[in-house]
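Hi,

Here is the structure I promised to pass on. Have a look at it first, and then read my notes below.

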Amino acid sequence: GLSQYSSDPHTEWDLNTYSTKEQVLEAMRNLRYKGGNTFTGLALTHVLEQNLKPDAGARLEAEKLVILLTDGKSQDDANLAAQTLKNLGIEIFAIGVKNADEAELKQVASEPLELTVYNVLDFPLLSSLVGKLTRVLCTRIKEKSNKET
């Protein structure tokens with residue numbers, strides 16, 4: 001699933017909208033960047049209340065991961081919203097671009113920070129994170145799943 005935010009979070013698509021990698025990639029190609037404010041706390045609350053529900057495609061037995069991508073400092077309390085998600089067992093990865101606040105990324109991200117916090121200077125550089133982030137995400141899901149069985 002994917003939501004964009006500024007002052008008003010908006011779900012672009014739910015977890016159950018697409019069923020193939022090709023469909024997701026096509027949706028990503030057609031996505032238009034939403035500029036504006038940076039209400040990260042509101043966005044994290046939106047993800048919890050709207051995107052991580054069974055009717056949006058969230059499976060109760062599946063691990064819950066949120067990847068927060070931000071290019072600025074939050075204008076509201078991102079830490080409180082992030083703590084709510086983490087208390088529910090939802091792991092947060094924080095990726096900053098351009099003017100992102102490194103301290104805030106570290107506050108909202110789950111431990112261990114060396115695996116969950118990333119920062120790049122510009123949007124095109126996000127592609128340099130894909131391989132490492134994919135390996136880290138898959139490893140984390142596998143580790144969490146093994147602990148529960």
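Let me start with Met 28, which is partly exposed at a relative accessible area of 39% (buried is under 20%, exposed over 50%, partly exposed in between, with a 1.4 Å probe and protein chains only). Before going on: this is a predicted model, where local features need pLDDT of at least 70 and side-chain atom pairs count only at pLDDT 80 or more, while totals for chains, interfaces and linings use all residues. Residues are numbered from 1 along each chain as its sequence is written, and side-chain values use heavy atoms, leaving out hydrogens and water.

Met 28 sits in helix 1, residues 21-30 (helices are DSSP runs of H or I with at least four residues, strands runs of E with at least two, numbered from the N terminus).

Then there's Thr 40, in helix 2 (residues 40-51). Thr 40 counts as buried, at 1% relative accessibility. Its side chain makes a polar contact of 3.1 Å with that of Tyr 5 (a pair of N or O atoms within 3.5 Å; within protein, one must be able to donate a hydrogen and the other to accept it, and residues adjacent in sequence count only if both atoms are side-chain atoms).

Now the sheet: three strands form an open, parallel one in the order 3-4-5 (strands pair if DSSP finds at least two bridges between them). Strand 3 (65-70) and strand 5 (117-120) are at the edges with a single partner strand each, so one side of each has no neighbour in the sheet. Strand 3 pairs with strand 4 (residues 91-97) over six bridges, and Leu 69 has Ile 95 in strand 4 as its bridge partner.

Cheers
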